[in-house]
Amino acid sequence: MRGRNLADFEIKDLRATVENREILKGISLGISRGQVHAVMGPNGSGKSTLSNTLMGHPGYQVTGGEVHFKGRNLLELEPDERARLGVYLAFQYPTVVPGVTMANFLRTALNAKRGYDGKDKSKAITPREFRELLKEPMRTLRMDDSFLSRYINDGFSGGEKKRAEILQMAVLKPEIAILDETDSGLDIDSIRFVAEAINEMRGPDLGVLIITHYSRILEFIKPDFVHVLVHGQIVQSGGPEVAAQLEKSGYSEWGEPVPAVAGEEVT
Ligand code: ADP
Ligand code: MG
(Lines give C-alpha, C1' and ligand atoms only; values in the text may rest on other atoms or scores of the structure.)
(Ligands and ions follow the chains in the order given, each with its own letter.)
Protein backbone atom coordinates (compact mmCIF):
# COMPACT_ATOMS: atom_id res chain seq x y z
CA MET A 1 0.00 0.00 0.00
CA ARG A 2 2.96 2.32 0.47
CA GLY A 3 3.63 4.81 -2.27
CA ARG A 4 0.19 4.60 -3.87
CA ASN A 5 -1.88 7.66 -4.71
CA LEU A 6 -4.36 8.88 -2.14
CA ALA A 7 -7.79 7.34 -2.53
CA ASP A 8 -11.12 9.21 -2.32
CA PHE A 9 -11.77 7.62 1.06
CA GLU A 10 -8.52 7.18 2.92
CA ILE A 11 -8.27 5.31 6.21
CA LYS A 12 -4.92 5.99 7.87
CA ASP A 13 -3.60 3.97 10.80
CA LEU A 14 -7.02 3.72 12.43
CA ARG A 15 -7.02 2.52 16.00
CA ALA A 16 -10.09 1.93 18.11
CA THR A 17 -11.02 0.46 21.45
CA VAL A 18 -14.21 -1.10 22.73
CA GLU A 19 -14.64 -0.96 26.50
CA ASN A 20 -10.95 -0.09 26.87
CA ARG A 21 -9.79 -3.08 24.83
CA GLU A 22 -7.87 -2.25 21.66
CA ILE A 23 -9.65 -3.93 18.75
CA LEU A 24 -8.41 -2.03 15.69
CA LYS A 25 -4.63 -1.91 15.74
CA GLY A 26 -3.74 0.46 12.93
CA ILE A 27 -5.87 -0.08 9.85
CA SER A 28 -4.82 1.64 6.61
CA LEU A 29 -7.01 1.25 3.57
CA GLY A 30 -7.88 3.46 0.62
CA ILE A 31 -11.16 3.17 -1.28
CA SER A 32 -11.80 5.19 -4.40
CA ARG A 33 -15.09 5.64 -6.15
CA GLY A 34 -15.50 3.06 -8.86
CA GLN A 35 -13.76 0.40 -6.76
CA VAL A 36 -15.08 -2.56 -4.80
CA HIS A 37 -12.96 -3.65 -1.85
CA ALA A 38 -13.65 -6.67 0.30
CA VAL A 39 -12.48 -7.06 3.86
CA MET A 40 -12.55 -10.68 4.97
CA GLY A 41 -11.83 -11.90 8.45
CA PRO A 42 -12.78 -14.51 11.02
CA ASN A 43 -15.35 -13.86 13.73
CA GLY A 44 -14.15 -11.36 16.30
CA SER A 45 -11.36 -9.99 14.10
CA GLY A 46 -12.76 -6.45 14.27
CA LYS A 47 -14.83 -6.20 11.07
CA SER A 48 -17.90 -4.67 12.70
CA THR A 49 -15.66 -2.54 14.90
CA LEU A 50 -14.19 -1.14 11.69
CA SER A 51 -17.57 -0.39 10.13
CA ASN A 52 -19.07 1.02 13.34
CA THR A 53 -16.00 3.18 13.96
CA LEU A 54 -16.14 4.54 10.41
CA MET A 55 -19.78 5.49 10.94
CA GLY A 56 -19.21 7.07 14.37
CA HIS A 57 -20.98 4.61 16.65
CA PRO A 58 -20.65 6.01 20.18
CA GLY A 59 -19.67 2.64 21.67
CA TYR A 60 -16.35 2.65 19.82
CA GLN A 61 -13.52 4.99 20.88
CA VAL A 62 -11.06 6.15 18.28
CA THR A 63 -7.59 6.18 19.81
CA GLY A 64 -5.58 7.02 16.71
CA GLY A 65 -5.55 7.63 13.01
CA GLU A 66 -7.56 9.61 10.50
CA VAL A 67 -10.13 9.01 7.78
CA HIS A 68 -10.02 11.50 4.95
CA PHE A 69 -13.02 11.99 2.71
CA LYS A 70 -13.83 15.09 0.66
CA GLY A 71 -11.23 17.15 2.45
CA ARG A 72 -12.62 16.36 5.89
CA ASN A 73 -11.46 14.09 8.67
CA LEU A 74 -14.53 11.90 8.93
CA LEU A 75 -13.69 10.96 12.51
CA GLU A 76 -14.40 14.52 13.64
CA LEU A 77 -17.94 14.48 12.26
CA GLU A 78 -21.21 13.34 13.81
CA PRO A 79 -22.75 10.18 12.32
CA ASP A 80 -25.47 12.16 10.51
CA GLU A 81 -22.87 14.49 9.00
CA ARG A 82 -20.94 11.46 7.76
CA ALA A 83 -24.14 10.16 6.16
CA ARG A 84 -24.89 13.51 4.51
CA LEU A 85 -21.35 13.62 3.20
CA GLY A 86 -22.17 10.42 1.28
CA VAL A 87 -21.09 7.54 3.52
CA TYR A 88 -23.53 4.70 4.09
CA LEU A 89 -23.32 1.72 6.41
CA ALA A 90 -25.49 -1.36 6.00
CA PHE A 91 -25.56 -2.84 9.49
CA GLN A 92 -24.74 -6.45 10.32
CA TYR A 93 -27.64 -6.41 12.79
CA PRO A 94 -30.28 -3.91 11.58
CA THR A 95 -32.48 -2.64 14.39
CA VAL A 96 -36.24 -2.81 14.65
CA VAL A 97 -38.00 0.56 14.78
CA PRO A 98 -41.64 -0.03 15.72
CA GLY A 99 -44.05 2.72 14.74
CA VAL A 100 -42.04 4.03 11.77
CA THR A 101 -42.93 2.62 8.39
CA MET A 102 -40.29 1.84 5.79
CA ALA A 103 -41.87 4.37 3.43
CA ASN A 104 -41.80 7.15 5.99
CA PHE A 105 -38.27 6.37 6.99
CA LEU A 106 -36.95 6.21 3.43
CA ARG A 107 -38.72 9.44 2.47
CA THR A 108 -37.45 11.25 5.57
CA ALA A 109 -33.88 10.04 5.06
CA LEU A 110 -33.97 11.07 1.44
CA ASN A 111 -35.44 14.49 2.20
CA ALA A 112 -32.79 15.06 4.87
CA LYS A 113 -30.13 14.30 2.28
CA ARG A 114 -31.75 16.76 -0.14
CA GLY A 115 -31.63 19.44 2.52
CA TYR A 116 -35.39 19.58 3.07
CA ASP A 117 -36.02 20.77 6.61
CA GLY A 118 -39.80 20.91 6.50
CA LYS A 119 -39.86 24.48 5.18
CA ASP A 120 -38.83 24.80 1.55
CA LYS A 121 -41.30 22.39 -0.09
CA SER A 122 -39.49 22.61 -3.43
CA LYS A 123 -36.66 20.49 -1.94
CA ALA A 124 -38.96 17.67 -0.83
CA ILE A 125 -39.28 14.61 -3.01
CA THR A 126 -42.69 14.26 -4.64
CA PRO A 127 -44.69 11.04 -4.14
CA ARG A 128 -44.30 10.32 -7.82
CA GLU A 129 -40.49 10.74 -7.82
CA PHE A 130 -40.34 8.61 -4.68
CA ARG A 131 -42.27 5.77 -6.31
CA GLU A 132 -40.10 5.98 -9.42
CA LEU A 133 -36.92 5.84 -7.36
CA LEU A 134 -38.02 2.72 -5.48
CA LYS A 135 -39.39 0.78 -8.41
CA GLU A 136 -36.20 -0.66 -9.90
CA PRO A 137 -34.35 -1.59 -6.69
CA MET A 138 -37.49 -3.12 -5.18
CA ARG A 139 -37.96 -5.22 -8.26
CA THR A 140 -34.34 -6.39 -8.20
CA LEU A 141 -34.52 -7.14 -4.47
CA ARG A 142 -37.84 -8.98 -4.92
CA MET A 143 -39.57 -6.76 -2.36
CA ASP A 144 -43.25 -6.11 -2.92
CA ASP A 145 -45.08 -2.89 -2.05
CA SER A 146 -46.32 -4.25 1.27
CA PHE A 147 -42.77 -3.74 2.61
CA LEU A 148 -43.24 0.00 2.50
CA SER A 149 -46.17 0.02 4.91
CA ARG A 150 -44.43 -2.25 7.44
CA TYR A 151 -42.52 -0.92 10.43
CA ILE A 152 -38.74 -0.88 9.98
CA ASN A 153 -37.41 -4.42 10.38
CA ASP A 154 -40.39 -5.35 12.59
CA GLY A 155 -40.99 -9.04 12.04
CA PHE A 156 -38.65 -9.03 9.03
CA SER A 157 -36.78 -12.26 8.39
CA GLY A 158 -32.98 -12.10 8.42
CA GLY A 159 -32.96 -11.90 4.64
CA GLU A 160 -35.63 -9.19 4.52
CA LYS A 161 -33.66 -7.04 6.96
CA LYS A 162 -30.56 -7.27 4.79
CA ARG A 163 -32.53 -6.49 1.64
CA ALA A 164 -34.06 -3.48 3.39
CA GLU A 165 -30.54 -2.21 4.13
CA ILE A 166 -29.70 -2.44 0.44
CA LEU A 167 -32.95 -0.72 -0.52
CA GLN A 168 -31.94 2.19 1.72
CA MET A 169 -28.61 2.31 -0.04
CA ALA A 170 -30.31 2.39 -3.42
CA VAL A 171 -32.46 5.31 -2.29
CA LEU A 172 -29.71 7.31 -0.62
CA LYS A 173 -27.13 6.75 -3.39
CA PRO A 174 -24.02 7.07 -1.23
CA GLU A 175 -20.54 7.60 -2.63
CA ILE A 176 -18.95 5.20 -0.15
CA ALA A 177 -20.98 2.21 1.00
CA ILE A 178 -19.82 -0.09 3.78
CA LEU A 179 -21.71 -3.38 3.83
CA ASP A 180 -21.18 -5.27 7.08
CA GLU A 181 -21.88 -8.96 6.50
CA THR A 182 -24.84 -8.20 4.29
CA ASP A 183 -24.52 -11.80 3.10
CA SER A 184 -24.79 -13.47 6.50
CA GLY A 185 -28.17 -15.01 7.21
CA LEU A 186 -29.16 -14.89 3.54
CA ASP A 187 -30.18 -17.98 1.64
CA ILE A 188 -28.54 -18.48 -1.74
CA ASP A 189 -31.38 -16.85 -3.72
CA SER A 190 -31.32 -13.76 -1.51
CA ILE A 191 -27.56 -13.48 -1.90
CA ARG A 192 -28.13 -13.39 -5.64
CA PHE A 193 -30.81 -10.66 -5.42
CA VAL A 194 -28.71 -8.56 -3.08
CA ALA A 195 -25.62 -8.99 -5.25
CA GLU A 196 -27.64 -8.08 -8.33
CA ALA A 197 -28.90 -4.88 -6.67
CA ILE A 198 -25.38 -3.92 -5.61
CA ASN A 199 -24.01 -4.67 -9.06
CA GLU A 200 -26.68 -2.38 -10.54
CA MET A 201 -25.45 0.44 -8.30
CA ARG A 202 -21.83 -0.21 -9.12
CA GLY A 203 -20.25 2.53 -11.19
CA PRO A 204 -17.69 5.32 -11.28
CA ASP A 205 -19.45 7.33 -8.52
CA LEU A 206 -19.62 4.57 -5.93
CA GLY A 207 -16.92 2.99 -3.79
CA VAL A 208 -17.91 -0.15 -1.92
CA LEU A 209 -16.41 -1.90 1.08
CA ILE A 210 -17.85 -5.38 1.43
CA ILE A 211 -17.17 -6.87 4.84
CA THR A 212 -17.64 -10.59 4.92
CA HIS A 213 -16.72 -13.81 6.62
CA TYR A 214 -17.12 -16.01 3.56
CA SER A 215 -16.08 -15.60 -0.03
CA ARG A 216 -19.48 -16.72 -1.37
CA ILE A 217 -20.91 -13.25 -2.04
CA LEU A 218 -17.70 -12.38 -3.88
CA GLU A 219 -18.60 -14.93 -6.52
CA PHE A 220 -21.49 -12.62 -7.42
CA ILE A 221 -19.87 -9.25 -6.74
CA LYS A 222 -16.35 -9.33 -8.12
CA PRO A 223 -14.10 -7.24 -5.87
CA ASP A 224 -11.17 -5.29 -7.24
CA PHE A 225 -9.22 -5.70 -4.00
CA VAL A 226 -9.42 -8.13 -1.11
CA HIS A 227 -7.96 -7.48 2.34
CA VAL A 228 -7.65 -9.97 5.15
CA LEU A 229 -8.35 -8.68 8.66
CA VAL A 230 -7.10 -10.75 11.57
CA HIS A 231 -6.85 -9.58 15.20
CA GLY A 232 -7.52 -5.97 14.23
CA GLN A 233 -4.84 -5.74 11.55
CA ILE A 234 -4.80 -6.14 7.81
CA VAL A 235 -2.46 -9.06 7.30
CA GLN A 236 -2.77 -9.44 3.54
CA SER A 237 -4.05 -7.42 0.56
CA GLY A 238 -4.38 -8.38 -3.05
CA GLY A 239 -6.83 -9.08 -5.83
CA PRO A 240 -9.76 -11.53 -6.01
CA GLU A 241 -7.28 -14.42 -5.83
CA VAL A 242 -6.89 -13.71 -2.10
CA ALA A 243 -10.55 -14.64 -1.56
CA ALA A 244 -10.14 -17.81 -3.59
CA GLN A 245 -7.13 -18.80 -1.54
CA LEU A 246 -9.01 -18.13 1.74
CA GLU A 247 -11.82 -20.36 0.55
CA LYS A 248 -9.31 -23.22 0.44
CA SER A 249 -7.13 -22.57 3.46
CA GLY A 250 -9.36 -20.50 5.76
CA TYR A 251 -7.64 -18.23 8.25
CA SER A 252 -5.44 -20.98 9.71
CA GLU A 253 -2.30 -19.33 8.37
CA TRP A 254 -2.89 -16.59 10.92
CA GLY A 255 -3.63 -18.96 13.77
CA GLU A 256 -7.39 -18.93 13.34
CA PRO A 257 -9.41 -22.16 13.34
CA VAL A 258 -10.87 -23.31 10.03
CA PRO A 259 -14.70 -23.52 10.21
CA ALA A 260 -15.82 -27.13 10.52
CA VAL A 261 -17.99 -26.97 7.41
CA ALA A 262 -16.96 -24.56 4.70
CA GLY A 263 -19.78 -22.16 3.93
CA GLU A 264 -21.66 -22.84 7.15
CA GLU A 265 -22.76 -19.69 8.97
CA VAL A 266 -21.13 -19.12 12.34
CA THR A 267 -22.97 -16.32 14.09
P1 ADP B 1 -16.31 -9.18 13.76
O2 ADP B 1 -17.32 -8.24 13.22
O3 ADP B 1 -15.08 -9.30 12.94
O4 ADP B 1 -16.88 -10.52 14.09
P5 ADP B 1 -16.30 -7.36 16.00
O6 ADP B 1 -15.71 -6.09 15.50
O7 ADP B 1 -17.76 -7.40 16.19
O8 ADP B 1 -15.77 -8.59 15.15
O9 ADP B 1 -15.65 -7.68 17.41
C10 ADP B 1 -14.25 -7.60 17.64
C11 ADP B 1 -13.97 -7.80 19.13
O12 ADP B 1 -14.51 -6.70 19.85
C13 ADP B 1 -14.62 -9.03 19.73
O14 ADP B 1 -13.74 -9.60 20.67
C15 ADP B 1 -15.86 -8.50 20.41
O16 ADP B 1 -16.21 -9.30 21.52
C17 ADP B 1 -15.44 -7.12 20.82
N18 ADP B 1 -16.58 -6.20 20.80
C19 ADP B 1 -17.15 -5.65 19.70
N20 ADP B 1 -18.19 -4.87 20.00
C21 ADP B 1 -18.29 -4.92 21.35
C22 ADP B 1 -19.16 -4.32 22.30
N23 ADP B 1 -20.14 -3.49 21.91
N24 ADP B 1 -18.95 -4.59 23.60
C25 ADP B 1 -17.95 -5.41 23.98
N26 ADP B 1 -17.09 -6.00 23.16
C27 ADP B 1 -17.25 -5.77 21.86
MG1 MG C 1 -19.25 -8.36 12.62
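Is Gly232 buried or exposed? Buried: its relative accessibility is 0%. Keep that residue in mind; I'll come back to its neighbours. One caution before that. This is a predicted model.

Let's start with the metal. Ligand 2 is a magnesium ion, and its protein donors are Ser48, through OG, and Gln92, through OE1. Both lie 2.1 Å from the ion. Where do these two donors sit? Ser48 is in helix H1, residues 47-55. Gln92 is in the loop between strand S6, 87-90, and strand S7, 97-101. The two parts are 44 residues apart in sequence, so the pair ties them together. Gln92 is also buried, at 12% relative accessible area.

Now ligand 1. How many residues surround ligand 1? There are 13. The closest are Arg21, Gly44, Lys47, Ser48 and Thr49. Note Ser48 in that list; Ser48 is also a magnesium donor.

Next, the polar pairs. A backbone N or O atom of Lys47 is 2.8 Å from an oxygen atom of ligand 1. Ser45 places a polar backbone atom 3.2 Å from an oxygen atom of the ligand. Tyr60 works through its side chain: an N or O atom there is 3.3 Å from a nitrogen atom of ligand 1. On its own, ligand 1 has 550 Å² of accessible area, and the protein covers 66% of that. Which elements give two or more residues to the shell? Strand S2, residues 21-31, and H1. H1 gives the most, with three residues. By class, the shell has six polar, four nonpolar and three charged residues.

Back to Gly232. This glycine lies in the loop between strand S11, 225-230, and strand S12, 233-238. Leaving out residues up to four places away in sequence, Gly232 touches Ile23, Leu24, Lys25, Gly26, Ile27 and Ser45. Gly232 and Ala16 are 216 residues apart along the chain, yet their C-alpha atoms are separated by 9.2 Å.

Asn73 is in strand S5, residues 72-73. Asn73 is buried, with a relative accessible area of 15%. A polar atom of its side chain lies 3.1 Å from the backbone nitrogen of Val67. Beyond the neighbours within four places in sequence, Asn73 is in contact with Glu66 and Val67.

Asn104 is in helix H3, residues 102-113. Its relative accessible area is 42%, so Asn104 is partly exposed.

The last two are backbone cases. Asn20 has phi near 70 degrees, a positive value in a residue other than glycine. Asn153 also has a positive phi, about 60 degrees, and is not a glycine. Where are they? Asn20 is in the loop between strand S1, 9-18, and S2. Asn153 is in the loop between strand S8, 151-152, and helix H5, 158-172. Asn20 is exposed at 77%, whereas Asn153 is buried at 3%.

To recap: Ser48 and Gln92 hold the magnesium donor positions, and H1 leads the shell around ligand 1.

Key. Residues numbered from 1 in each chain as written. Chains lettered and ligands numbered in written order. Predicted model: local features only at pLDDT ≥ 70, side-chain atom pairs only at ≥ 80, totals over all residues. Heavy atoms only, no water. Donors = N, O, S within 2.8 Å, 3.2 Å for Na, K, Ca; no water. Helix = DSSP H or I, 4+ residues; strand = E, 2+ residues; numbered from the N terminus. Buried < 20%, exposed > 50% of the residue type's maximum accessible area, 1.4 Å probe, protein only. Near = heavy atom within 4 Å. Polar contact = N/O pair within 3.5 Å; in protein donor to acceptor, adjacent residues only side chain to side chain. Areas by Shrake-Rupley, 256 points an atom, 1.4 Å probe, with all protein chains shown as cover. Nonpolar A, V, L, I, M, F, W, Y, C, P; charged D, E, K, R; others polar. Contact = heavy atoms within 4.5 Å.
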